[in-house]
Amino acid sequence: IRAERPQDAFARLSSPALAKHPETPFWKAQALAGLGRFGDAASLLAQAVDHPDFPLRREALLTRASLLFSLNDPDGALASLDPLVADRNPVIARHARLRQASILIDLGKPEVARKFLPPSGLLKGADKLEAAYLDARLLLAEGKAQASASAFTTLLHSPEGQSLVRFHAATLGLADALAAQDNTQGAADVLLAFIQKTPESPLLDHAFRRLLQWVPDEPTPNDAILERLAQWSAARPVPVHPALAQGDNGAASAYPMAADPADPASDDLRVLATFYHALGLHRIGTPAAEREAMHILNRLRMESPTHVLASRALLQQALWNIEDDHLDAAFIALEAVRQTARSPYWKAEAAYVQGMAYMLGERYLDAVPCFQEASLALGQPEDDPCSANAAVAILQTCDIAAFDRAVSTSSSASLKTELTLERALWLADRSPAQARTALEDFLTKFPQHPRVPEARLALVHTALDSTPPDIAFAREQLVALPLTSKDPVFDENAD
């Protein structure tokens with residue numbers, strides 16, 4: 001596992017000789033996490049929550065919290081840390097509270113996070129520095145951008161005792177604090193200098209993501225950020241080969257060769273700059289800029305075929321092809337990502353995007369296996385969007401029996417509720433009378449559900465489509481609707 005060979009580790013841990021060893025579940029979970037099977041890894045570590053005697057319990061709970069948070073289950077992550085908050089070792093307890101505070105900040109709950117932050121007087125060493133970093137983030141979340149920038153600057157002036165990741169994260173925090181004061185130029189300057197000075201930073205991708213956010217929606221070709229990205233992403237020299245084949249295997253030729261993964265020219269700085277330069281260039285919106293962006297991503301994939309961004313670049317090209325209604329080209333690219341990507345995440349993302357594209361094209365039978373593949377690849381809970389969309393696609397094929405099986409066999413109450421509404425909405429276009437009964441039943445059983453406005457709006461349509469139209473009932477539903485919604489499509493239909 002430490003040698004980053006999770007496949008070999010998992011094979012050894014699956015040996016019958018280790019089946020009853022008490023530490024096998026912990027190390028097996030580590031191997032599964034290394035393979036990208038986060039859901040399976042988190043499930044293996046679940047028993048650590050309720051069993052104080054679980055081997056390596058503290059490490060197991062911390063690992064499980066990180067896995068669940070990456071699977072978009074912050075509540076599960078917080079619950080995994082609860083036993084550690086009550087740990088008899090005060091150092092472990094304070095560390096767990098810091099982790100919970102960090103998660104709550106990410107969830108946009110600064111007022112709750114502030115309560116979880118231990119008093120600085122009780123902290124020492126790395127925990128004290130971590131608390132200072134979280135306090136700087138909290139100040140930003142609380143709307144105190146100037147104080148936040150000052151706090152991050154203090155951390156940057158005192159690197160002693162900070163991990164490399166935390167020290168670099170303080171630079172990103174300073175940039176965020178400046179941007180929150182409408183000083184995007186200053187924020188960009190901070191990150192451009194940071195990238196230039198620390199091209200091997202583990203947070204390089206996060207820095208580039210922020211820079212892209214500060215590129216205008218329709219930038220000019222001479223945009224300062226795009227120009228710097230272009231400089232960093234300069235194409236590596238094309239190897240020159242003789243026209244005739246040579247060498248022991250006779251395979252050399254005059255054609256360009258892909259970059260050697262060990263070649264310094266294939267470093268993260270160049271590849272990341274190439275990727276984000278293409279994304280920024282595409283925003284210009286002209287046909288020439290869009291063609292150039294596509295060409296740049298082709299170059300990235302040719303020069304660095306083993307880099308993790310090669311699959312991401314191909315996925316991005318597929319998304320652009322979908323936007324341009326070039327579905328055949330998009331499907332070819334998505335199939336390639338699903339077959340060749342090393343990361344299960346990008347395989348799952350490609351399968352999900354392909355499923356959504358099939359749904360847009362009303363190819364529902366083709367969409368179902370794509371969504372199922374995406375859910376399985378990440379080992380996500382069955383109430384995730386992939387499982388829900390798979391069931392909705394089945395419904396759209398009019399295979400009611402298969403849809404009912406998906407609902408009845410699900411152990412997720414939230415998924416069953418969502419699918420109950422989906423069936424009622426599906427009926428609205430086919431049988432207004434049946435839909436009205438189903439929608440009224442949904443509102444009776446789930447009056448606080450976040451999709452209640454959607455159900456009421458559908459009831460308006462069923463009332464108007466009935467014979468004769470039930471105008472009074474339709475008005476009742478409209479009166480019960482909220483005056484505003486976060487969904488402009490909903491507002492338009494309500495009006």
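Guide: Let's start with α24 and α25, which are roughly antiparallel to each other, a label for angles over 145 degrees. This is a predicted model, where local features need pLDDT of at least 70 and side-chain atom pairs count only at pLDDT 80 or more, while totals for chains, interfaces and linings use all residues. Residues are numbered from 1 along each chain as its sequence is written, and side-chain values use heavy atoms, leaving out hydrogens and water.

Helix α24 spans residues 432-445 and helix α25 residues 452-465; their axes cross at roughly 150 degrees and come within 9 Å. Helices here are DSSP runs of H or I with at least four residues, numbered from the N terminus. Axes are lines fitted to C-alpha atoms over the stretch in contact, with angles running from 0 to 180 degrees between N-to-C directions.

The α24/α25 crossing is left-handed, meaning that the near helix is turned anticlockwise from the far one by less than a right angle. On the α24 side, the contact is made by Pro432, Ala435, Arg436, Leu439, Glu440, Phe442 and Leu443. From α25 come Val452, Ala455, Arg456, Ala458, Leu459, Thr462 and Asp465. Contact means heavy atoms within 4.5 Å. Sorted by class, that makes 9 nonpolar, 1 polar and 4 charged residues, with Ala, Val, Leu, Ile, Met, Phe, Trp, Tyr, Cys and Pro counted as nonpolar, Asp, Glu, Lys and Arg as charged, and the others, Gly among them, as polar.

For another pair, look at α22 (residues 400-409) and α23 (residues 413-428), which pack at about 155 degrees with axes 9 Å apart. The crossing of α22 past α23 is left-handed.

Technical notes. Helix = DSSP H or I, 4+ residues; strand = E, 2+ residues; numbered from the N terminus. Parallel < 35°, antiparallel > 145°, perpendicular 65-115°, else oblique.
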